[in-house]
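This report describes selected features of one protein model, going from charged pairs to the helices, strands, pocket and loops. The sequence and structure are shown first.

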Amino acid sequence: ERIITLYDTITLSPLPRKELFVFAPPRGASELSERRETIDNSILRTLTGKRFPQTTVYLSDGRRLSLGSDSGSPVIIDIWASWCAPCLAALPKLALLYNQFRDKGILLISIDQDSDETKGKAYLDAHQYQWPNVHDTGQFSKTLGPTAIPRTIVINAHGMVVFDQTGFSEEALRARIEDLHY
């Protein structure tokens, strides 16, 4: 049996040397008189209510898919990476939704943001996810601008974005898909 003890406070003896905890700014740096916010508001930008930018992606099987056009089928785009824990946690829920609605004509593609182009597809294959994955070589990121992941976008059959969410909510995504009359 293992016993784990957690301590709220510790006392170091001997005390560490004070010079170990002195901030030394790099040469040429100056102290700010006030804190500035550094959030890039473009990350928070949503495409909901806009036409999805005309983009062609090439699926791993060589097929071409045009996004943003009047395809006649709604498309769910999952932007993710194999190193992103929240992205991986969302995949089983996304699979359940896809399996429920795919026979009704909805398409799902994943766009992986991995630096290694083989990792995303390998992860999906290893977990037997049955939708196409596209490795983003930079084109997709350039089209959307900076983004945080996981990000889910739903494009209706007429090329309009009806859902764009950073983070993953199965309930919100399900509600939006059902709003498409599924």
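## Charged pairs

Arg17 is exposed because its relative accessibility of 52% lies over the 50% cut-off. The model in which this residue is placed is a predicted one. The side chain of Arg17 forms a salt bridge with that of Glu19, with an N to O distance of 2.8 Å. Glu19 is likewise exposed, at 52% relative accessibility. Side chains of opposite charge can pair when their charged atoms come close.

Over the whole structure, five salt bridges are found. One of them joins Lys121 to Asp125, at 2.7 Å from N to O. These two residues stand four apart in helix α2 (residues 119-126), so about one helical turn separates them. Lys121 is partly exposed, with a relative accessible area of 34%, and Asp125 is also partly exposed, at 44%. In helix α4 (residues 170-179), Glu170 and Arg174 are again four residues apart, which corresponds to about one helical turn. Their side chains meet in a salt bridge of 3.6 Å, N to O. Arg174 is partly exposed, with a relative accessibility of 23%.

## Helix α1

Helix α1 comprises 17 residues (residues 85-101), and its end C-alpha atoms lie 25 Å apart; this agrees with the 24 Å that it should span at 1.5 Å a residue.

The buried residues of α1 are Cys87, Ala90, Leu91, Leu94, Ala95, Leu97, Tyr98 and Phe101.

## Leu67 in strand β2

Leu67 belongs to strand β2 (residues 64-67). Its relative accessible area is 2%, and Leu67 is therefore buried, the cut-off being under 20%.

Leaving aside residues up to four places away in sequence, Leu67 touches Phe52, Pro53, Gln54, Thr55, Val57, Val75, Ile77, Ile109, Phe140 and Ile155. Among these contacts, Gln54 is 13 residues from Leu67 along the chain, and the C-alpha atoms of the two are separated by 5.8 Å.

## The largest pocket

The volume of the largest pocket is about 220 Å³. Its lining consists of 16 residues, and those nearest the centre are Tyr58, Val134, His135, Asp136 and Thr137.

Several secondary-structure elements contribute to this lining. The strands β1 (55-58), β4 and β5 (133-135) and the helix α3 (139-144) each supply at least two residues.

## Backbone features in loops

Most residues other than glycine have a negative phi, and most peptide bonds are trans. Gln128, although not a glycine, has a positive phi of about 55°. Gln128 lies in the loop between α2 and β5 and is exposed, with a relative accessible area of 61%.

The peptide bond between Ile149 and Pro150 is cis, with omega about 0°. Pro150 is located in the loop that connects α3 and β6 (151-155).

How values were computed. Residues numbered from 1 in each chain as written. Predicted model: local features only at pLDDT ≥ 70, side-chain atom pairs only at ≥ 80, totals over all residues. Heavy atoms only, no water. Salt bridge = Lys/Arg side-chain N within 4 Å of Asp/Glu carboxyl O. Buried < 20%, exposed > 50% of the residue type's maximum accessible area, 1.4 Å probe, protein only. Expected span 1.5 Å × (residues − 1). 1 Å grid on protein atoms, 1.4 Å probe; cavity = no way out; pocket = protein on both sides within 12 Å on 5 of 7 lines; lining within 4 Å. Points joined across faces, edges and corners; volume = space filled by probe spheres on them. Contact = heavy atoms within 4.5 Å.
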